[in-house]
Amino acid sequence: MARILIVDDAKFMRITLTNILKKANHEIVGEAENGREAVALYRELKPDLVTMDITMPEMSGLDAVKEIKKDYNDAKIIMCSAMGQQKMVVDAIEAGAKDFIVKPFDDSQVVDSVSRVLR
């Protein structure tokens, strides 16, 4: 079981991920709707893992990954992207994200990715 921070500007996506991860016995310790909130909550909560949307207002997921990794090099972050965002996913992986999952979410893909990254 991991303590997870969910970051997505769409409430529906946060709810979807929360349901998938809770079913897999993970604890959701916080939610953020943009990169700026994500960085602040990461510092406060120090979760085991973050699911991070790429495209968000105020601060993108990519910028949030860079900001978090600057202070917490061991942070485990999984990017969430829509199809067609391959370039941004590559940039996020280069910035330190550990994996990515594609929207719409497939329950088993999400759980597998979380398990892989937590190993």
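This is a predicted model: local features need pLDDT of at least 70, side-chain atom pairs count only at pLDDT 80 or more; totals for chains, interfaces and linings use all residues.
By buried I mean a residue under 20% relative accessible area.

Now the pair β3 and β4. Strand β3, residues 49-53, runs parallel to strand β4, residues 77-81, and four bridges join them. Two of the partners in β4: Met52 has Met79 as its bridge partner, and Asp53 has Cys80.

How many of the five residues of β4 are buried? Five of five, so to speak: the strand is mostly covered. In a regular strand, side chains alternate between the two faces of the sheet. In β4, Ile77, Met79 and Ser81 point one way, Ile78 and Cys80 point the other way, and all are buried.

Next, α3 against α4. Two packed helices are described by the angle and the distance between their axes. Here the helices are α3, residues 61-71, and α4, residues 86-95; their axes come within 9 Å and cross at roughly 5 degrees. Angles under 35 degrees count as roughly parallel, so α3 is roughly parallel to α4. On the α3 side the contact is made by Leu62, Val65, Lys66 and Lys69, and on the α4 side by Asp91, Ala92 and Ala95. Sorted by class, the contact has four nonpolar residues, three charged and no polar ones.

That leaves α4 itself. Which of its residues are buried? Val89, Ala92 and Ala95. They cover an arc of only 120 degrees around the axis, which puts them on the same side of α4. The general point is that an α-helix has 3.6 residues a turn, so residues three or four places apart point the same way. The buried residues of α4 are covered by elements including α3, β4 and β5. On the other side of the helix, Gln86, Lys87 and Glu94 are exposed.

Last item: the residue following α4 is Gly96, and its phi is positive, near 125 degrees.

Note on methods
Residues are numbered from 1 along each chain as its sequence is written. Side-chain values use heavy atoms; hydrogens and water are left out. Axes are lines fitted to C-alpha atoms, for helices over the stretch in contact, and angles run from 0 to 180 degrees between N-to-C directions. Angles under 35 degrees count as roughly parallel, over 145 as roughly antiparallel, 65 to 115 as roughly perpendicular and the rest as oblique. Contact means heavy atoms within 4.5 Å. Ala, Val, Leu, Ile, Met, Phe, Trp, Tyr, Cys and Pro count as nonpolar, Asp, Glu, Lys and Arg as charged, and the others, Gly among them, as polar. Two strands pair if DSSP finds at least two bridges between them. Buried means under 20% relative accessible area, exposed over 50%, partly exposed in between (1.4 Å probe, protein chains only). The arc is that of the directions from the helix axis to the C-beta atoms.
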